[in-house]
Amino acid sequence: MGTTQLLFWLLSALSIFSAMMVLISKNPVHSVLWLVLVFFTISGHYILLNAQFLFIVNLIVYAGAIMVLFLFVIMLMNLNKDAEPQKSIWMKLAGAISGGSLLLIFVSVVRSASEMQSKQALLKTGNIGLIDQLGKTLFSEYVIPFEISSVLFLSAMVGAVAIGKKH
Amino acid sequence: MNAIILSAIFGVVLMMASAFVSNRSLYKTIALACLVLLVGANIAETLGYSFFTIDTHNMLAFNKMGLFFNTICFTATLLYVFISSSEIERVDNYTAEYFALIFFSLCGIAILTSFNNLLMMFLGIEIMSIPLYILTGSDKRNLKSNEAALKYFLMGSFSTGILLLGIAFIYGATGSFGLESIKVGTLQMQLSILEVTGCILLLIAFAFKVSAAPFHFWTPDVYDGAPSVFTSFMASIIKVAGFYAFVKLFESRIETTSFATNPAVGVNWHLLFAILIIATLFVGNITAVFQQSVKRMLAYSSIAQAGFMLFALFSVNAFSKEGLYLYAAGYCLATIGIFAVLVRMKDYTFEGFNGLAKHEPTLAFATTVCLLSLAGIPLTVGFFAKYFMLAAVVKQGYAWLAIVGVLFAGVSIYYYFRVIAAMYFKSADENPAAVATSSTVKIGLAVVVAGIIILGVWPHALLNFLYF
């Protein structure tokens, strides 16, 4: 068993464990922190697949920006034991049915993916997820939309200043 | 390319002007000069003088039709800024920023008339709409304006999500963002259900953008809550540009995804469009009848007019194409004209217009001409615009739909004439107009009235430009 495989199993086990902990932990702040760990482990998988760009974007956007936003919302809501909503039996039943349907779909997808069983995931190889590939595509084929989106951001910035500034 | 690059640059120029030019009354002069240059540059490109040669990788395709539509939109904006620049100054302190945002919006319009790729279409729609969210909320101390901006922003982002989902479906089915390569791809391969799903999602997103029923719910609140001077811009120039992109997108794939060519998974587009048109005409016209405020009535009437512009989508032929250009010009002129009068009123209800003809005969006359054009009375451009749309439908063999259109146009006469009746046949003791009419506004309104009547007598003054 090479290092890559070892890392793969380690990351997988860790991501499943922390995903479980997101659901199990009672304190919402702890849930969010476990969720951050889930994102880190999934980003680790991206590194194993040689997709550095996805790795860093996943970290910055999900683990960084979105989770911090989550934390802020939870702290602002000031949740505690008393404020916890009472869930009726129907809510639980509906949750079980919808979650179970999703599980059914996942199981059927995994079972029917017989062509994937013979193939192995490409670890450490392939350059499609590297930043220089992305940069080359972005600045050759997609340079026009790339440049024009600057107008979009500029107008959003002008608007944000015009709306947000005090007199 | 001239229009896209220059409008973005002029936006930056105005943005900089707010930092370095302290004389606030200069902004509108700069904006007007930039708009004149923009119209000139666009006409120069129509005549073949492109200032920039850029390899767009076939993502943008500039043709005379699109450039001519640009000219119509930019000229309408020029007229709009000329008439209402003093009102824009009165909204808040950020006059130069508002002008900059209007220029960025025009940049979006220039992309929407030339896109050849779904990616560019998405960028164009966003560049056009994001400045509008801000202009809607520019009256910061007015709660209604805040509510309208938030509502518009949330609903707009939601429809953008649907648009992106549709694009993703089409990309998944065909492996390309291009309009042209999709055409080639679907002819070679079998039509996939994913592409059809994508097209329907795009239809929903665009129906939202042009406020066609049943996706119109944001329109009355946003048009009512936004400062009237910006409602004028949203309801006229932005709306017709949205329609141009709508028709441009769908005319390239109605064939390939239709029920006739692909009985297995194709869509019966004519049925779908007919439902959309009738729902839009019904909701717009019937609800407009019951309004008490003229501004809200105009919001519903803009939904009703959207129903008529949807005829261009229903029947893609030469008639409907000409009709769309004429409709764009006529609708912009009339809307800009009537809103220029509306912002001058103390009271936006129908009673607020009582006796306007006695106190301000010029304003009353201009309003009358604009309303007659919106109602589609002969000798105004609105008549020919509706005529071309209906003729296009009849030519496709759907006379019953044209009859439905005429019936609803009849309903619309009722609420347009309520304003005219209030102005001419009812009297009020004091002058209903709050602001004295300056000579600039009078000149602007004269241009509007002249445009409506000249195009109403001789529509080919505009349409001939399509063919030379």
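How many residues does helix H7 of chain A have, and how far does the helix reach from its first C-alpha to its last? Helix H7 (residues 143-164) of chain A has 22 residues and reaches 32 Å, close to the 32 Å expected at 1.5 Å a residue (the expected span is 1.5 Å times one less than the number of residues). This is a predicted model, in which local features need pLDDT of at least 70 and side-chain atom pairs count only at pLDDT 80 or more, while totals for chains, interfaces and linings use all residues. Residues are numbered from 1 along each chain as its sequence is written, chains are lettered from A and ligands numbered from 1 in the order in which they are written, and side-chain values use heavy atoms, with hydrogens and water left out.

**Interface of chain B and chain A**

- The two chains bury about 2,100 Å² between them, 80% of it on carbon and sulfur atoms; buried area is the accessible area (1.4 Å probe) that two parts lose on being put together, summed over both.
- On the side of chain B that touches chain A, at least two residues each come from helix H1 (2-20), helix H4 (95-112) and helix H5 (118-136) of chain B; helices (H or I, at least four residues) are DSSP runs, numbered from the N terminus.
- H5(B) gives the largest share of that side, eight residues.
- By class, that side of chain B has 21 nonpolar, four polar and six charged residues.
- Chain B puts 31 residues into the contact and chain A 19 residues, where contact means heavy atoms within 4.5 Å.

**Helix H7 of chain A**

- Buried residues of H7(A) include Ile144(A), Ile148(A), Leu152(A) and Val158(A); buried means under 20% relative accessible area, exposed over 50%, and partly exposed in between (1.4 Å probe, protein chains only).
- H1, H4 and H5 of chain B are among the elements that cover the buried residues of H7(A).

**Leu93(A)**

- Leu93(A) lies in helix H4 (residues 89-112) of chain A and is partly exposed, with a relative accessible area of 44%.
- Its C-alpha atom is separated by 49 Å from that of Lys165(A), 72 residues apart along the chain.

**Ser211(B)**

- Ser211(B) sits in the loop between helix H8 (193-209) and helix H9 (218-225) of chain B, and counts as buried at 0% relative accessibility.
- Not counting residues up to four places away in sequence, Ser211(B) touches residues including His216(B), Trp218(B), Lys239(B) and Thr280(B).

Terms used. Nonpolar A, V, L, I, M, F, W, Y, C, P; charged D, E, K, R; others polar.
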